[in-house]
Amino acid sequence: MLKPRQKTPDLTINLTNGTEWTLSKQDPEAFTLIIVYRGLHCPVCKTYLEELQTKLSKFENLGVNVIAISSETKALAMKTTEEWEIGDVPLGYEFPIEDAREWGLFISKGIKDEPDTFIEPGLFVIRPNQELYCASIQTMPFARPGLDDVIGAIKFVLSKDYPARGEA
């Protein structure tokens, strides 16, 4: 299990804009925020990422680099960028299930119109030195941290130099 104050695994992922993103190459002023979403099949993810689109500048103003990733194929990720209103959200695809397990994420077997297997949501706030600050991991699409709450928490953490908790 990943713990706060512990270095996270490195992560390299392709983005729908044709570039490659690597966690260890990020140089945010404050944090990197990784949001793991289920995929195009998930209407809750659509709402969450479309809200993220409207709040990107707030994260950027706090010195937070943001990325959203899933295990979906390139074709499905490209369709996501076309159909959802998330044009400025860096969107990564083909996050390997094995790597997701290493991050402590839950994996589901598909039902109805879902992929055979996919990653359930997670949110990771990571310091510039790649140390985990905090994480929120779900077993289903519901009960994710509100993005305004995450923004408020980051403001508090930065203003009070509040340490990561949960490391014991």
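Predicted model: local features only at pLDDT ≥ 70, side-chain atom pairs only at ≥ 80, totals over all residues.

Residues are numbered from 1 along each chain as its sequence is written, and side-chain values use heavy atoms, with hydrogens and water left out.

**Exercise 1.** Determine which residues are linked with Arg-38 in a network of salt bridges.

*Solution.* Step one is the criterion: a salt bridge is a side-chain nitrogen of Lys or Arg within 4 Å of a carboxyl oxygen of Asp or Glu. Step two applies it: Arg-38 meets Glu-114 at 3.5 Å, N to O, and Arg-38 also meets Glu-120 at 2.8 Å, N to O. The second pair links distant parts of the chain, since Glu-120 lies in the loop between E7 and strand E8 (122-126) and Arg-38 in the loop between E3 and H1, 82 residues apart; helices (H or I, at least four residues) and strands (E, at least two) are DSSP runs, numbered from the N terminus. Step three gives the network, which consists of Arg-38, Glu-114 and Glu-120.

**Exercise 2.** Decide whether Arg-38 is buried or exposed, and do likewise for Lys-46.

*Solution.* Buried means under 20% relative accessible area, exposed over 50%, and partly exposed in between (1.4 Å probe, protein chains only). Arg-38, with a relative accessible area of 8%, is therefore buried, whereas Lys-46, at 29% relative accessibility, counts as partly exposed. Lys-46 forms a salt bridge with Glu-50, their closest N and O atoms being 3.1 Å apart.
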